[in-house]
Amino acid sequence: MVILVIAILILAIAVLIAYNFHIQKKIAAYNNINDRINNLSVLQDFMKIAGQEESVDQKLKMINEIIIEKYNIKYSTIVVFNGAEYVVKASNVDEKHHEVLSNLHTEEIFQDSVATATPKYVTIDSDNEKLPYQKTEMGRAKSAMFFPLYIENIYIGYWIMESGQMHAFDKTDTTIIDVVKDNIISVLQTTAYQDTIENIDRIDKFTGLHSAEYLYGAAKRTIDQYPTSAIAMFRITNIEEINETVSRQMGNDIITEISNIVKARMNSQYIFVRYMGPKFVIAFSGVEEDSLEEFLTDVKTEIEELVIIDEEEIVEKIREVKGKRVRVKEVKPQKEASPKINFVVSTYYKGTGLELLTQKLEEYLDTAEKEENQINYI
């Protein structure tokens, strides 16, 4: 009888152990599914940010904030090589530490990590120690994980997360962290074109205006605050003639004066750029093209009433007079020029290709008759 009771107890214990093991497997599976859902949610947040009308730097800062919040990380810093130097693009670490953080690639402890594209974990074992890359600070970070960032085998920078506790990442699930790292790389990859556009913009020396690239970067964020906007492009149709018959300096003066006339009429929501050569673009953010007739007519009239006069120039020449070489003065006659412009206007719809619209406007002006001199709506 005793043996039977013992056997039943052993069997019950075995069943309980098996059931407990089954429950543990279910919990592990649930946690795994939950982690995947969380990671998918984070990825969706990242992609949503990548598609927003924000600068690349602002997008990276928003992503870094999500990393800190979702994964409960004390410090997170993203550093990117911009072609000339390493720059801290996003960090919640005090700015006084940014110089150190932007030079981690030079630290011996991380050089193998960069060379082999593998993460590096560093920590301390006592409070009187400091992490190898720290210069003067000791209390802020006591453990860190360093991740080099690569796009298609090209090293582009690194991400480092830090903790104020020793051995904080000893039991960290690196698969989850790899997902975060891959998401950072994905966003950097998707914003690479935008970053190029934002950094290629230049200021024209004759007009003080932004170049065409400005339209597709910072300016687009202003334009896209509205569902539709009117985009106008105009070309100085006789600039080549002015350059040839008067002087190139006269042509430059014409361009400068025209830009001053238009700039004087701009409000804070309008964007005015020198598109290319004798072509200019005005983006009327949130304005219907039908309401521009009076504005454009006034601008066109004022521009075409402009007269630039080339000042008289006294030129000294040596001539032979009655068999003698003498120095004589000649007065070079005045020359004047007035610009003629051709306007073309169309509507831009938020979310569509602004660069495709400006290409269409440019094509219209480039193929128009040279004598065309009016305001066109297409």
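User: Which residues of the largest nonpolar core touch the most other members?

Analyst: Phe234 is one of them, along with Val262, Phe272, Phe284, Leu296 and Phe343. That core has 33 residues.

User: Which helices and strands each supply at least two residues of it?

Analyst: The helices are helix 8 (239-245), helix 9 (248-263) and helix 10 (293-304). The strands are strand 6 (228-236), strand 7 (270-276), strand 8 (279-284) and strand 13 (341-349). Helix 9 gives the most, with 6 residues.

User: And what lies apart from that core?

Analyst: Another core, of 27 residues, lies apart from it; Ile49, Ile78, Val80 and Val180 are among its members. As background, nonpolar side chains tend to be buried together in soluble globular proteins.

User: Switching to helix 11. Which of its residues are buried?

Analyst: Leu354, Leu357, Thr358, Leu361, Glu362 and Leu365 are the buried ones. Seen down the helix axis, they fall within an arc of 135°, so they line one face of helix 11.

User: What about the other side, and what covers the buried residues?

Analyst: Leu356, Glu363 and Thr367 are exposed on the other side of helix 11. The cover over the buried residues includes helix 7 (218-223), strand 6, strand 7, strand 8 and strand 13.

User: How far apart are the end C-alpha atoms of helix 11?

Analyst: They are 20 Å apart. Helix 11 has 14 residues (354-367), and at 1.5 Å a residue it should span 20 Å, which agrees.

User: Now confidence. Where is it lowest and where highest?

Analyst: The lowest is helix 1 (residues 2-50), with a mean of 54, and the highest is strand 8, at 95. Over residues 26-37 the pLDDT is below 50, and that stretch has 1 contact in the model beyond near neighbours in sequence. Where pLDDT is low, the predicted coordinates should not be read in detail. For the chain, the mean pLDDT is 81, and 78% of residues reach 70 or more.

User: Last one: how many helices and strands are there, and how many residues count as buried?

Analyst: The chain has 11 helices and 14 strands. Of its 378 residues, 42% count as buried.

Notes: Residues are numbered from 1 along each chain as its sequence is written. This is a predicted model: local features need pLDDT of at least 70, side-chain atom pairs count only at pLDDT 80 or more; totals for chains, interfaces and linings use all residues. Side-chain values use heavy atoms; hydrogens and water are left out. A nonpolar core is a set of buried Ala, Val, Leu, Ile, Met, Phe, Trp, Tyr and Cys residues joined through side-chain atoms within 4.5 Å. Buried means under 20% relative accessible area, exposed over 50%, partly exposed in between (1.4 Å probe, protein chains only). Helices (H or I, at least four residues) and strands (E, at least two) are DSSP runs, numbered from the N terminus. The expected span of a helix is 1.5 Å times one less than its number of residues. The arc is that of the directions from the helix axis to the C-beta atoms. Contact means heavy atoms within 4.5 Å. pLDDT is the predictor's confidence in each residue, from 0 to 100.
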